[in-house]
Amino acid sequence: MTQRPHLRRSRLAGRFYGEEILAATLFALCLLLVSAQQLLAHEYKVGDLLIDHPWARATPLGSDMGAGYVAIHNSGATPDRLISAFAPFARRVELQEMTMKDGLMRMMPIKGGLEIPAGGTLVLEPSSHHLVFVDLKEQLKEGEMMDATLTFEKAGKVKIQYKIEAIGATAIDKMHHPLGQ
C-alpha cells in the first residue's frame, strides 16, 4: 500500500514543526538560565578591583539599621583601601567590625578603612567586617536592588547596587568567586 503524497508531506511538516518547538524551548531555557545567573551574581569591575555580589539582609518593618556585605577581589600588584560608603536609603553608612568577647557581641567602628591586599580579597560578611546602614530611611525588602556607592583610596567612587536577600541569609549562600579564585 502506498501513501498519498500529501500525507507524507503532512507527517514531514509535523516532524519539522516538532523540532522547531524543541529548538525554541531549548533556546528559551538557555536565556532563562543566563538571566537567572545574572540576577544571582552581579559584580562591578573598576581597575584591578572586582566587587562581587553586594548584598544586604532584608530588615523588619520599623528597623532603623541594616547591614551590607560584599567580597572585593584585587587582581593588581598594589593594595587598595575601602575608605567609605554612601547609601541614599540610610542617613549614614559605617564600616564596622563585630567581635565576641566574654560571650558578648561588640560592634566597633573601623577608622581608616579596610585594605584590599594586592592579589587578595577583602570579604565583608556577617559576624566580621561589614557595612552598617544607620538610620534607614526605608525598609530593605527582599528581592529589591538598592543603590549605593563605595569609595576606594585608589579606585575612587564606584556605584553599585545591593541585592536585598532574606532576613536569615548567610554569607556562604551569597558568595560568588570569579574564575581562578
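This passage looks at two salt bridges and at a histidine in a strand. The model is a predicted one, so local features need pLDDT of at least 70 and side-chain atom pairs count only at pLDDT 80 or more, while totals for chains, interfaces and linings use all residues. Residues are numbered from 1 along each chain as its sequence is written, and side-chain values use heavy atoms, with hydrogens and water left out.

The structure holds 2 salt bridges (a side-chain nitrogen of Lys or Arg within 4 Å of a carboxyl oxygen of Asp or Glu). One of them pairs Glu115 with Arg81, whose closest N and O atoms sit 3.8 Å apart. This pair ties together distant parts of the chain, with Glu115 in strand β7 (residues 114-116) and Arg81 in strand β4 (residues 80-86), 34 residues apart. Strands here are DSSP runs of E, at least two residues long, numbered from the N terminus. Glu115 is partly exposed at 42% relative accessibility, and Arg81 is partly exposed too, at 23%; the label covers whatever falls between buried (under 20% relative accessible area) and exposed (over 50%), using a 1.4 Å probe and protein chains only.

Glu94 and Arg92 also form a salt bridge, and here the closest N and O atoms are 2.9 Å apart. Arg92 is partly exposed, with a relative accessible area of 43%.

Then there is His73, which belongs to strand β3 (residues 65-74).

Key. Helices (H or I, at least four residues) and strands (E, at least two) are DSSP runs, numbered from the N terminus.
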